[in-house]
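I opened this entry to keep track of what I looked up, one item at a time.

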Amino acid sequence: MATIAIYSMKGGVGKTTLAVNLAWAAAVRSKRRILLWDLDGQAAASFILAHDRPAHDEARAVIEKDVAPEKLIVETGVPLLDLLPADASLRTLDTLFDGIDRKKRIRKLTEHLGQRYDHVILDCPPGLGPTSEQVIRGAAIILSPMIPSALSRRAFDEVRQHLLRHHKGGPPLIPLFNMVDRRRAAHRAAVEENPDFPAIPMASAVEQMATRRGAIGAYLPKSPAAVATDALWIAIEKRLAER
Ligand SMILES: Nc1ncnc2c1ncn2[C@@H]1O[C@H](COP(=O)(O)OP(=O)(O)OP(=O)(O)O)[C@@H](O)[C@H]1O
Ligand SMILES: [Mg+2]
């Protein structure tokens, strides 16, 4: 079992989109048993994958009170893909992690979940604080999407420095470009400077995930963004196998 974190310090770069699409590719293309754990109080991944779920306020209790995660896990309708949903109780997750004396809480929970799943994929909230510390201690690999812009790059470099300084021997931090628009000179330049970064194109088909309620692979499997996500998943599995 490997825990794969989709994380960036920066908001709005496509973490949730990528988490849902990769989870779908892993389950449907590679036939892995996947749990997507939505750690973000915005609950966007939960909305996309399990929108009919009645609203509860107990996601926090899994972390805080030893409520078994199995009690909250729901099926998504996608074979082999389950969801541990988020809700508003996670909006103050940083404060919660700050207050509990368990530095490896996420790690412990994901190890336990690994008995039932091949991989756990974490959709992380933005920020660099107690929640990301837990994620860094729990993940085997961290995928960090960025829009090809100077500010996204800056946020990525800051996280990389943080890992080098405070988490020696920690998980690899893997950058990738998202929302790449090759009509823009800045995007073209960024991609040319980093030809080895995976790149997912900007596509209105991706934006439809919240209204279609599913991964792009489920409704437009041959679109460039879906094909790029499938290729990215294969590269991640290869990387995990080399560990
Ligand atoms: N490749 C893409 N092409 C077009 N739109 C995209 C793409 N990836 C993401 N988006 C859109 O960008 C917006 C932000 O994406 P998303 O919610 O996945 O980002 P996030 O990093 O999870 O944000 P947050 O930090 O708020 O959790 C969404 O409206 C999403 O549909
Ligand atoms: Mg998100």
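I count a residue as near the ligand if its C-beta atom, placed from the backbone, lies within 6 Å of it. The model is predicted.

**Entry 1: ligand 1**

I looked up the shell first. I found that 19 residues surround ligand 1. G11, G14, K15, T16 and T17 are the closest of them.

The largest share comes from α1, with three residues.

I then sorted the shell around ligand 1 by class. I noted nine nonpolar, seven polar and three charged residues.

**Entry 2: α1 and α12**

From α1 they are N21, L22, A25, A26 and R29; from α12 they are T229, D230, L232 and W233. By class, I have five nonpolar, two polar and two charged residues in the contact of α1 with α12.

**Entry 3: α5 and α6**

I went on to helix α5 (residues 105-113) and helix α6 (residues 130-138). Their axes are 7 Å apart, and the packing angle is about 45°. I therefore put α5 and α6 down as oblique to each other. The crossing of α5 past α6 is right-handed.

Which residues meet in this pair? On the α5 side I have R105, I106, R107 and T110, and on the α6 side Q134, V135, R137 and G138. The contact of α5 with α6 holds two nonpolar, three polar and three charged residues.

**Entry 4: P85**

Last, I looked up P85, which sits in the loop between β4 (81-84) and α4 (93-99). Is P85 buried or exposed? I found 24 C-beta neighbours inside 10 Å. A residue is buried at 20 or more, so P85 counts as buried.

I checked what P85 touches, leaving out residues up to four places away in sequence. The list is D38, A43, S46, A50, R53, A59, L72 and V74. For D38 I also noted the separation from P85: 47 residues in sequence, and 5.3 Å in space from C-alpha to C-alpha.

Technical notes
Residues are numbered from 1 along each chain as its sequence is written. Chains are lettered from A and ligands numbered from 1 in the order in which they are written. This is a predicted model: local features need pLDDT of at least 70, side-chain atom pairs count only at pLDDT 80 or more; totals for chains, interfaces and linings use all residues. Helices (H or I, at least four residues) and strands (E, at least two) are DSSP runs, numbered from the N terminus. Ala, Val, Leu, Ile, Met, Phe, Trp, Tyr, Cys and Pro count as nonpolar, Asp, Glu, Lys and Arg as charged, and the others, Gly among them, as polar. Axes are lines fitted to C-alpha atoms, for helices over the stretch in contact, and angles run from 0 to 180 degrees between N-to-C directions. Angles under 35 degrees count as roughly parallel, over 145 as roughly antiparallel, 65 to 115 as roughly perpendicular and the rest as oblique. A crossing is left-handed if the near helix is turned anticlockwise from the far one by less than a right angle, and right-handed if clockwise. Two residues are in contact if their C-beta atoms, placed from the backbone, lie within 7 Å. A residue is buried if 20 or more other C-beta atoms lie within 10 Å of its own, exposed if 12 or fewer, and partly exposed in between; C-beta atoms are placed from the backbone.
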